[in-house]
Amino acid sequence: VSRQLKEEIRRGFAELEEPLAGLLVMLESSSDWKGKGHSLGYHITTELQRGMKEHPAVPQSGIHLKQLQARVLGILSQCPANLLDPLISLYQLHTADRACLLEHISHLHLRGHYKEVAVLSIKLKLQPDQDVEKMCTPLLLQDKANVVEDYVREYPKLQSKLLQILDTWCEPGFNIRDVARPYQGLSRSKTEKFNHRTLSKLVFRLLELFNVDPALCPNVINQRHLRTLNYLFYKRFVEKTMTEENWADHIQSTVGENRWLQGQLLQLLLRHCDGHTAARWAQHCGVPLDMLPHSLARELQGLHIPQRVEETTKADNYEDSRKKDYYQLPIPRENIHFLQTWEETLQCWEKVLQPGQVVGIDMEWKPSFGMVGKPRVALLQMALKDEVFLLDLPRLLQQAEEEGDKEKLPRFIQMLYSDAAITKLGYGMSGDLSSLVATCSALKDTEKELQGVVDLLAVDQQVDGQPEHGPEERGARQPPEKGLSLLVQHVLGKPLDKTEQLSNWEKRPLREEQILYAASDAFCLLEIYERLCKDPQSFGLSSDLTESLVGKHSKKPRPKKQLNKQEAPSPSGQQCQESGGQSCHGPGAVSPREFSVVCDNMLQGLGRYLRCLGVDVRMLENEDDHRKAAEIARQEGRVILTSGLPYQTLQSQVGEGRCFSVNCSEKAKDQALQVLKHFNVQVSRADIFSRCQ
């Protein structure tokens, strides 16, 4: 605003006996201030506010101020957001009669101005005197969850009340139209989009956002646990990729003593097993006898322990016969060290923090199955050329806290990751590091200081000629190998045995199978790296692999802000310019036509943008469950693009590196750049709109 205009505004107000009344007359008779942006009305209002702060006027009389406040309330429901604060301040609405404010808000609500009412209530801090269900229901049905979050943000009691209301909406037989009926102007299409799955996602997001006890939402939690049970039965009885002990451990922790879930478990047992097996698992999982059908209860009473031992022995023999099909750890068992004390860990550090050292790093955590909270690392594996160290992180962190030195572990990890003289190998390291930060907040800046890091996921995407194995070659195992396991199979000849991947890694003591699995996951990285460095060309990699990767500073690339039709970002960060529509994909780059993804339903804008760039995209519908993305990814070999809590669920259902978490706060264009960079997809001019009419 020019100085001349400011002076003119101040001069005009100085000539008025009642500048506040004069401002209202102007706003009431003008439509200029109703538009977006900084209108003339906005500048006049803020200039008066500034002038009154510098030269306070004689306070208005009570009656006159009330009259002005009543008039300004009529304007607030129509004015743009940038005028709310100045007008509330000028007319001292925080001192206005609360009953009058609430009555005015109620009238606006009846007229269907739901968002405006919520914003005004937030500004005037009226929430404690309002009905949270009445205020938030129409906003939720209009897909304005962000306004609801702001409405309850500073009021823990309202947060709990809101979540309890949402949980009642998840009861069986509940019809969302019954809730929508009293509110004006709500389109039927929007209420139909607000189904149980959408609601469940919202509840879990709010539980995490406000750090509320999930026990407040038993219906939502039970439904999520039921989906977990279905998934576990699929893994055990359809895919057959879970050991009995591992499976039972998760079943017990999921069901607990919840009678409803025990009933659901019983139905699943009867559907997937014969009566004898169902009875045995009902006993193992603690299902009360009075919940069992008569025939199953009789079967359970007739069970004998020797039969169970015999069956377990048969299973063990079967597991032994399968070992020859998988990658085997080439070091003796005594060279695997499980570390639970700082004295042992210090000896590990001395070996790991040697200049020139090459370290394979992996991490394990208990699967969350989509529940609230980020996974916390339970085991940190570090492999050297002839031994593997397994660090019991929860125990070590507890000891450090008891000794009053919480920085002990973060110090070591930061030294390791920031030392360019030590080569760190991983697979999908970004996900591992985010879980490490969730476990120990002092490590939040580690990813910014990475040096000497080699993520074999990035190398994997450049490796050529990964073989497709028929059922006879894989011994009819399902599903086919993915992620790191497929890379191990391609480079070293045999895949990893992933049956322990979904173990409860927080339970102590670890089983022998878990220890061997954890050690193999870290050690195989060393063998892959050594083989690729010795003969990169036979795997379709550039001959300078060693020079380009070892000891180089590795940082997460920042996507460029612009993506023009004539220019596409290359993995090096340079622009790819070409003529005649010919591809200029660099070494190891992937064409958009060779890249296929499935986008979760909160990323439909990203999906449309990637499709414009020639990427093969499938998108979930709004009413689809997130897990459908995993089904599509497995069936069609697609990469999952998702965000937030669903990432934790979906990444455990597909191979490592086949699920990518996108920043939902960014625009679709920037999200697309992030995906293209991460997966080394290089777009040519010919790719643009190649899939569009």
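This is a dialogue on how terms are applied to one predicted model.

Reader: How many helices and strands does the chain have, and what makes a run a helix or a strand?
Author: The chain has 31 helices and 12 strands.

Reader: Why is Gln262 called buried?
Author: Buried means under 20% relative accessible area, exposed over 50% and partly exposed in between, with a 1.4 Å probe and protein chains only. Gln262 has a relative accessible area of 4%, and therefore it is buried. Gln262 lies in helix 16 (residues 259–272). Of the 693 residues of the chain, 49% count as buried.

Reader: Which residues does Gln262 contact, leaving aside its neighbours within four places in sequence?
Author: They are Val255, Gly256, Glu257, Gly286, Val287, Pro288 and Met291, where contact means heavy atoms within 4.5 Å. The side chain of Gln262 also reaches the backbone oxygen of Gly256 at 3.3 Å.

Reader: What makes the pair formed by the side chains of Glu364 and Gln381 a polar contact?
Author: A polar contact is a pair of N or O atoms within 3.5 Å; within protein, one must be able to donate a hydrogen and the other to accept it, and residues adjacent in sequence count only if both atoms are side-chain atoms. The side chains of Glu364 and Gln381 make such a contact at 3.1 Å.

Reader: Where is Glu364 found, and is Glu364 buried or exposed?
Author: Glu364 is found in strand 2. Its relative accessible area is 5%, so Glu364 is buried. Not counting residues up to four places away in sequence, Glu364 touches Val377, Ala378, Leu379, Gln381, Trp505, Tyr517 and Asp521. Glu364 and Ala518 are 154 residues apart in sequence and 7.6 Å apart in space, C-alpha to C-alpha.

Reader: How do you know that strand 2 and strand 5 pair?
Author: Two strands pair if DSSP finds at least two bridges between them. Strand 2 (residues 358–365) and strand 5 have 3 bridges and pair in the parallel sense, with Gly360 opposite Leu425. Strand 5 also pairs in the parallel sense with strand 6 (residues 453–455), over 3 bridges, and there Leu425 stands opposite Val454. In strand 5 (residues 423–426), Thr423 and Leu425 point one way and Lys424 and Gly426 the other way, and all are buried.

Reader: Why are helix 6 and helix 7 called roughly antiparallel?
Author: Two packed helices are described by the angle between their axes and the distance between the axes. Axes are lines fitted to C-alpha atoms, for helices over the stretch in contact, and angles run from 0 to 180 degrees between N-to-C directions. Angles under 35 degrees count as roughly parallel, over 145 as roughly antiparallel, 65 to 115 as roughly perpendicular and the rest as oblique. The axes of helix 6 (residues 98–110) and helix 7 (residues 114–124) come within 8 Å and cross at roughly 160 degrees; the two helices are therefore roughly antiparallel to each other. Arg98, Leu101, Ile105, Leu108 and His109 in helix 6 meet Tyr114, Val117, Leu120, Ser121 and Leu124 in helix 7.

Reader: Why is one side of strand 10 and of strand 12 left without a neighbour in the sheet?
Author: The open sheet of 4 strands has the order 10-9-11-12, with parallel pairing. Strand 10 (616–619) and strand 12 (659–661) stand at its edges, so each has a single partner strand. Neighbouring strands of this sheet are turned by 25 degrees against each other on average, direction ignored. Helix 28 (residues 604–612) packs on the sheet, touching strand 9 (596–599), strand 10 and strand 11.

Reader: Is Phe689 buried or partly exposed?
Author: Phe689 has 39% relative accessibility and therefore counts as partly exposed. Asn680, by contrast, has a relative accessible area of 10% and is buried.

Terms used:
Residues are numbered from 1 along each chain as its sequence is written. This is a predicted model: local features need pLDDT of at least 70, side-chain atom pairs count only at pLDDT 80 or more; totals for chains, interfaces and linings use all residues. Side-chain values use heavy atoms; hydrogens and water are left out.
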